[in-house]
Amino acid sequence: MTEDKEPFLSRWSRLKIDAREAPRDLPAEPPAAPPAKADESPAPLPKVEELTPESDFRPFMDAKVEPGTRREALKKLFADPHFNVPDPFEAYSEDYTKGEPIPLEMLKTLNQARRLLFDDAETKAAQAGADQPAQPPQETTDGAGKQDA
């Protein structure tokens, strides 16, 4: 660094101290909303029981409305079957608990299911039938074909 330039950290520290010591010129209070006229009263809200999905729900979204009333109006709106349809493109919106059961014949062919679900006797019988190779037929000879050693 050259001698005529102030080092970075020294300059940063000096500016930080100067900023603390200098009086702050804060902007004036933000302009307040114009006061409501005395003759302007909020529009009366319709009764929640009389609301339909076609009703205007915007008055219930005003900040001056009690949260309980707003919640009741929204419950009334979203109770409509139109909003009760799952999104077909949502990955996990389907009910996978209502699948077709695996047929018993196919279930018996699965090794894991065979071990866990079926009796040992039934399993051994199924394995014995599958494990035994086909036996060639026995030839009956009267000894004429034997050679003497």
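**Exercise 1.** How many helices and how many strands are there in the protein chain?

*Solution.* The model is a predicted one. Its protein chain contains 5 helices and 0 strands. In sequence order, the pattern is α-α-α-α-α. Of the 149 residues, 8% count as buried. The accessible surface comes to about 14,700 Å², and carbon and sulfur atoms account for 55% of that surface.

**Exercise 2.** Determine which residues are joined with R14 into one salt-bridge network.

*Solution.* Step 1: the side chain of R14 meets that of E6 in a salt bridge, with an N to O distance of 3.1 Å. Step 2: R14 also meets D18 in a salt bridge, at 3.7 Å, N to O. D18 and R14 are separated by about one helical turn, because they lie 4 residues apart in helix α1. Step 3: relative accessibility is 36% for E6, which is therefore partly exposed. R14, at 37%, is partly exposed, and D18, at 37%, is likewise partly exposed.
Step 4: a further salt bridge pairs K75 with E72 at 4.0 Å, N to O. These two residues stand 3 apart in helix α2 (residues 67-78), so about one helical turn separates them. Through shared partners, salt bridges join E6, R14 and D18 into one network.

**Exercise 3.** Is L9 buried or exposed, and of which surface patch is it a member?

*Solution.* Step 1: L9 is located in helix α1, which spans residues 8-21. Step 2: its relative accessibility is 61%, so L9 counts as exposed. Step 3: together with F8 and W12, L9 forms a nonpolar surface patch with about 400 Å² of accessible area in total.

Note on methods: Residues are numbered from 1 along each chain as its sequence is written. This is a predicted model: local features need pLDDT of at least 70, side-chain atom pairs count only at pLDDT 80 or more; totals for chains, interfaces and linings use all residues. Side-chain values use heavy atoms; hydrogens and water are left out. Patches are made of residues with over 30% relative accessible area and no salt bridge: like charges are joined within 9 Å, nonpolar side chains (Val, Leu, Ile, Met, Phe, Trp, Tyr) within 5 Å. Accessible areas come from the Shrake-Rupley method with a 1.4 Å probe; for residues, only the protein chains shown count as cover. Buried means under 20% relative accessible area, exposed over 50%, partly exposed in between (1.4 Å probe, protein chains only).
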